[in-house]
Amino acid sequence: MTFQPAATALTEALKGGLVVSCQPVPGGPFDDSGSVVRFALAAQDAGARGLRIEGVANVAAVAAACSIPIIGLVKRDLAETPVRITPWIEDVVALAESGAAIIAFDATDRPRPVAVGTLIEKIHSLGCLAMADIATIAEARNASALGADLIGTTMSGYTDVAPPPRTPDIRLVWEACGLGKPVLAEGRYNEPRLAAAAIRAGAAAVVVGSAITRPEHITRWFIDAIAVEAAPARPVLAIDIGGSKTAVALVLKDRILERRQVPTLPADGAEAWLQAAADVARDWRGQYDGVAAAVTGLIRNGLWTAVNPATLPVPADFPLVSCLAEQFGDPALALNDAQAAAWGEYRFGAGRGRDLLFLTVSSGIGGGAVVGGQLLSGSGGLAGHVGQIPVPVPGKRHHRLEDLASGFAISAAARAEGHDADAKTVFAAMAAGESWAEGIVGEAVDHLALTLPGLQALLDPQIMVIGGGVGLAAGFLPRLEAALSRFPSALKPSLAPALLGADAGLLGAADLLRRRMSLETDTTPAAGAPAPNA
Ligand SMILES: CC(=O)N[C@H](C=O)[C@@H](O)[C@H](O)[C@H](O)COP(=O)(O)O
């Protein structure tokens with residue numbers, strides 16, 4: 001690698017600052033050197049530390065008018081390669097001669113006319129710094145090893161056929177910082193808070209283009225956001241697949257317009273469960289905008305896996321989201337049923353905007369947490385599965401809360417004492433003053449009461465919402481309240497009964513889908529809008 005005496009001074013000058021990319025939409029009303037210079041001067045006047053300029057003539061014009069460093073590039077649409085940014089040696093030479101201090105080039109691992117190492121060598125030989133525009137950490141590592149002076153996350157999201165994501169790739173910034181070269185965070189930093197997040201992740205500087213210098217894009221973002229809110233709301237299809245029944249509903253905001261139910265036949269398999277839902281909702285086709293499913297078990301990256309196969313024998317990694325999209329159309333979303341119910345109670349039920357832990361104490365025990373207004377799903381979808389928390393029981397091994405405090409646990413305890421009773425019967429016996437029933441419910445309550453203060457300490461929710469057939473059975477909540485009274489007040493959760501009953505999961509899943517749809521619409525350029533990487 002050639003030694004670059006100016007390298008440190010130049011990268012120091014950019015450090016902790018904003019670089020403004022002045023690249024008008026091609027063919028648009030700002031697509032001329034005069035406009036590029038005016039954008040550049042405005043950015044410089046406002047305190048930008050650097051400029052990113054496309055095209056040799058534009059670089060020369062900006063260099064004559066501005067004093068801050070220029071990252072120069074040339075974009076070419078070539079038939080033989082997908083590489084667009086500074087693909088040729090002659091581009092490098094022309095940019096250096098025009099006054100670029102840093103030359104940006106595509107360093108992605110794709111077929112290219114000139115090797116990455118050759119471009120870097122040439123850039124250095126002309127006394128400039130080399131900025132490698134990469135899309136993956138492997139490309140960053142390669143460019144860094146070949147002597148690139150700066151790494152730009154520019155290409156992340158633009159090398160796939162899929163449309164780029166809505167948000168920037170801050171994780172890539174963080175990973176690339178580990179290589180020890182200055183990293184410029186670039187691509188979709190459309191809000192100041194995102195630029196700040198990149199700096200927190202370790203970026204040396206942030207490059208912002210569209211949000212400052214492409215009024216066509218900005219105009220579209222506003223129009224799309226307004227259109228979403230102004231359009232009359234349409235229902236979404238919500239599906240709740242449980243161990244014994246599947247509910248389908250047309251949901252409009254906080255209202256269930258229509259609801260139908262079919263049995264879930266565990267032995268039939270996941271495809272048949274979806275088919276049953278499709279059959280019962282067939283005549284609603286065309287009346288909804290998307291499908292949201294709340295299901296028993298774990299959802300990880302759109303794949304469905306049983307947590308407790310006894311509840312429903314879901315095959316491992318069943319591609320639920322893609323099957324939903326195929327069966328009912330896009331967009332499709334799926335999540336655990338108790339997490340969906342937690343969100344439903346947060347939005348429309350007992351929580352209404354208050355951070356909460358939701359617990360459904362039913363045949364099993366499930367749960368979901370909303371913290372800081374966000375539903376927690378966890379790294380693998382497990383967040384909130386309170387029933388899976390191990391509970392030490394003297395003389396016994398491998399007990400989970402669900403084995404000790406659920407409806408199944410209550411009826412198993414009754415059977416062990418010689419009463420052939422399900423949980424409902426045990427509660428009826430308790431109401432009739434039967435001491436054996438009182439003892440069994442009391443024990444389930446005690447196990448729950450021992451677990452909840454730990455959860456309060458962990459998440460500190462404003463309330464704990466208790467739902468489910470057992471949780472809402474007469475006498476359960478008052479006993480739980482009493483059992484918690486021995487804990488210090490800071491650890492004692494504030495309990496509230498769930499309000500939405502069996503509809504919580506349907507309402508919560510539908511609302512999450514709506515949210516996602518409106519978030520996606522308001523920042524993804526619609527068909528006909530300028531391409532994000534114009
Ligand atoms: C992928 C690609 O070709 N990016 C180009 C690179 O120069 C530009 O079109 C972008 O505007 C620039 O990266 C800044 O990003 P944003 O406009 O999202 O702030």
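In helix α3, the residues Val56, Asn58, Val59, Ala60, Ala61, Val62 and Ala63 are buried. The model is predicted, and the mean pLDDT of the protein chain is 93, with 96% of its residues at 70 or more.

**Helix α3**

**Helix α17**

- Helix α17 runs over residues 435–459, which makes 25 residues.
- From first C-alpha to last, α17 reaches 36 Å, close to the 36 Å expected at 1.5 Å a residue.
- Its buried residues are Ala437, Ile440, Val441, Ala444, Val445, His447, Leu448, Ala449, Leu452 and Leu455.
- These buried residues pack against the strands β16 (356–361) and β19 (463–467), and also against the helices α14 (401–405), α15 (407–416), α16 (423–431) and α18 (476–484).
- Just after α17, Asp460 takes a positive phi of about 50°.

- β16 is mostly covered, with 6 of its 6 residues buried.
- In a regular strand the side chains alternate between the two faces of the sheet.
- In β16, Leu356, Phe358 and Thr360 point one way, while Leu357, Leu359 and Val361 point the other way; residues of both sets are buried.
- On one pairing, β16 is antiparallel to β17 (residues 365–371) over 6 bridges, and Val361 stands opposite Ile365 of β17.
- β16 and β17 form a hairpin with 3 residues between them.
- On another pairing, β16 runs parallel to β19, joined by 5 bridges; here Thr360 has Gly467 of β19 as its bridge partner.

**The five-stranded sheet**

- The open sheet has 5 strands in the order β18-β17-β16-β19-β20, and its pairing is mixed.
- β18 (374–375) and β20 (495–497) stand at the edges with a single partner strand each, so one side of each is left without a neighbour in the sheet.
- The pairing of β17 with β18 is antiparallel over 2 bridges, and Val371 stands opposite Gln374 of β18.
- Helix α13 (residues 337–348) lies across β16, β17, β18 and β19, and runs at about 45° to β17.

- Strands β10 (residues 245–252) and β11 (residues 255–263) pair in the antiparallel sense over 8 bridges.
- Leu250 has Glu258 of β11 as its bridge partner.
- The hairpin has 2 residues between the strands, and Lys253 takes a positive phi near 50° in it.

**Confidence**

- For the complex, the predictor gives an ipTM of 0.99 and a pTM of 0.65.
- The mean pLDDT of the protein chain is 93, but over residues 1–5 the pLDDT is below 50; beyond near neighbours in sequence, residues 1–5 have 6 contacts in the model.
- Over residues 521–532 the pLDDT is also below 50, and this stretch has 23 contacts in the model beyond near neighbours in sequence.
- Where pLDDT is low, the predicted coordinates should not be read in detail.

Note on methods
Residues are numbered from 1 along each chain as its sequence is written. This is a predicted model: local features need pLDDT of at least 70, side-chain atom pairs count only at pLDDT 80 or more; totals for chains, interfaces and linings use all residues. A residue is buried if 20 or more other C-beta atoms lie within 10 Å of its own, exposed if 12 or fewer, and partly exposed in between; C-beta atoms are placed from the backbone. Helices (H or I, at least four residues) and strands (E, at least two) are DSSP runs, numbered from the N terminus. The expected span of a helix is 1.5 Å times one less than its number of residues. Two residues are in contact if their C-beta atoms, placed from the backbone, lie within 7 Å. Two strands pair if DSSP finds at least two bridges between them. Axes are lines fitted to C-alpha atoms, for helices over the stretch in contact, and angles run from 0 to 180 degrees between N-to-C directions. pLDDT is the predictor's confidence in each residue, from 0 to 100.
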